[in-house]
Amino acid sequence: MSADVASDAAQDPAADRPPSSASTTPPPEGRSAEGPPPGGRSAEGPPPGGRSAEGPPPGGRSAEGPASEGRSPEGRSAEGSAAYGLPGKPLARGPFLFGLVGGLGVLTAIAIAQMVVASLSVIVLVVVAMFLAVGLNPAVEALQRRGLARRGAISIVFAGVIVGFVLFGLAVVPPVSKELADFVAAVPGYVSELSNHPTLRRLDADYQILPKLAQFVTGTVGPWLASGVVGAGLVVLDGVFTTVTLLVLMLYFLGSLHTIKAYLLRLVPASRRERTAALSEQILAGIGGYVAGNVIISIIAGALTWIFLSILGVRYALALALVVALTDLIPLVGATIGAVLVSAVALLQSLPLGIACAIFFVVYQQIENYLVYPRVMKRSVDVTPAVTVIAALVGGALLGIVGALLAIPVAAAIALIIREIVLPRQAEA
């Protein structure tokens, strides 16, 4: 028995400690040492108000209600992913998705390229209309400075363009139609003269040339001429439709030019907007000056040609002068094409007239290239002659006559951007 007590005392360390004063002090009246605290509540009972420590907070809201709403999307996605399993490796890093996205990108690029090629004629038409609108804008602004409203100024300029097209048609179409009618009327006489020619009659008696020629004309030349007439009619209708569409687009662009510029400038960051606006205004002014200068040079060439041909008595002098003015708009080769056409027409009338026209155009080309063109264009496009030639050749190779017309102002705009943006940055680097 004494050994068991000794072992219990060894296992209970509290038995070796001396009793404290708290343990010897009797509890207050009515309360035992193990009784409930004051107020009748036990230490493990509910807190005041009847709420337990683990119950919902006041208002009936649980501790996870608003707190769960205030959690970040990452936390909610983590809980959702825990419910459906842990997320795996991102698909963006897989080779299959990389190849799929790359293939879709290639297909999209091919589709866009095909769409551009299919609508190239429409794109060219829109670009030309915008180019003409920018070129006519200086004339509109000049009328505005004289006190006219912009709508009135646009109406006057557009009416002038319409009148120019009508005058060109009235000057060119009647002579061409008259010559075609005279040729058709003279064909039977040419045939009778050929059939009555002694040499041709002898060859026809030996080789039956006229029956074979008639069979060739009726079997081959006739259908070809018929299809050619139909094709020419379709070409004329297409040209009329294209011209009307071009004029309508030009009118719309001319009326909304300021709105288009303001909208495009809003796409530029605000810190660079002022400088971009200044550069764009200078580029548009250069394009307008180029168009106006080119028109002035063409008018000078057409007027001098008309005066010269009228003095010499060449037929259809006005129509030929308009052809020269129209072809002179084409850079580099336009004036030469007009000179060759007019000289050929004059040569059909007489040899001296053809030679005189050739000499006139050679002399005038030198005057235009070295006197007229530099004086008119020096304030609009600041491009060296070598760059002008290269730009016209590249533009003509890409888009034909339209590309050659647009190449020089585009080259001037690129030169301005290089001079104002690229070179200063290179100097500061």
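Modeller: Start with the helix label: helices (H or I, at least four residues) and strands (E, at least two) are DSSP runs, numbered from the N terminus. Lys 261 has its place in helix α10. The model is predicted, so local features need pLDDT of at least 70 and side-chain atom pairs need 80 or more, while totals for chains, interfaces and linings use all residues. Residues are numbered from 1 along each chain as its sequence is written, and side-chain values use heavy atoms, without hydrogens and water.

Biologist: How many helices and strands does that rule give for the protein?

Modeller: It gives 15 helices and zero strands.

Biologist: Why is Lys 261 called buried?

Modeller: Buried means under 20% relative accessible area, exposed means over 50%, and partly exposed is in between (1.4 Å probe, protein chains only). Lys 261 has 16%, so Lys 261 is buried.

Biologist: What does Lys 261 touch, leaving aside neighbours within four places in sequence?

Modeller: Glu 281 and Leu 284. Contact means heavy atoms within 4.5 Å.

Biologist: How do α10 and α11 pack?

Modeller: Helix α10 covers residues 257–266 and helix α11 covers residues 270–312. Their angle is about 145°, and their axes are 10 Å apart. Axes are lines fitted to C-alpha atoms, for helices over the stretch in contact; angles run from 0 to 180 degrees between N-to-C directions.

Biologist: Which residues meet there, and of what class?

Modeller: Lys 261, Leu 265 and Arg 266 come from α10. They meet Arg 273, Thr 276, Ala 277, Ser 280, Glu 281 and Leu 284 in α11. By class, this contact has three nonpolar, two polar and four charged residues. Ala, Val, Leu, Ile, Met, Phe, Trp, Tyr, Cys and Pro count as nonpolar, Asp, Glu, Lys and Arg as charged, and the others, Gly among them, as polar.

Biologist: Is the crossing of α10 and α11 left-handed or right-handed?

Modeller: Right-handed. A crossing is left-handed if the near helix is turned anticlockwise from the far one by less than a right angle, and right-handed if clockwise.

Biologist: Why are α6 and α15 called oblique?

Modeller: Angles under 35 degrees count as roughly parallel, over 145 as roughly antiparallel, 65 to 115 as roughly perpendicular and the rest as oblique. Helix α6 (residues 120–145) packs on helix α15 (residues 385–428) at about 40°, with axes 11 Å apart. The two helices are therefore oblique to each other. Their crossing is left-handed.

Biologist: Which residues make that contact, and of what class?

Modeller: From α6 come Val 124, Val 127, Val 128 and Phe 131. From α15 come Leu 399, Val 402, Leu 405, Leu 406 and Pro 409. The contact has nine nonpolar, no polar and no charged residues.

Biologist: What makes Val 140 buried?

Modeller: Its relative accessibility is 0%, so Val 140 counts as buried. Val 140 is in helix α6. Beyond four places in sequence, Val 140 is in contact with Arg 150, Ala 153, Ile 154, Val 157 and Leu 254. Val 140 and Ala 153 are 13 residues apart in sequence, yet 5.2 Å apart from C-alpha to C-alpha.

Biologist: Back to α11. How do you know that Gly 302 and Thr 305 are buried?

Modeller: Both residues lie in that helix. Gly 302 has 8% relative accessibility, so Gly 302 counts as buried. Thr 305 has 1%, so Thr 305 is buried too. Not counting residues up to four places away, Gly 302 touches Ala 321 and Ala 325. On the same terms, Thr 305 touches Ala 321, Val 324, Phe 360 and Phe 361. The C-alpha atoms of Gly 302 and Ala 321 are 4.7 Å apart, across 19 residues of sequence.

Biologist: Why is Tyr 316 given another label?

Modeller: Tyr 316 has a relative accessible area of 26%, so Tyr 316 is partly exposed. Tyr 316 sits in the loop between α11 and α12 (317–327). Its phi is near 55°, positive in a residue other than glycine.

Biologist: What makes α8 hardly covered?

Modeller: Helix α8 (residues 198–207) has 10 residues, and the count of buried ones is one. Just after α8, Gln 208 takes a positive phi of about 50°.

Biologist: What share of the protein counts as buried?

Modeller: Of its 429 residues, 21%.
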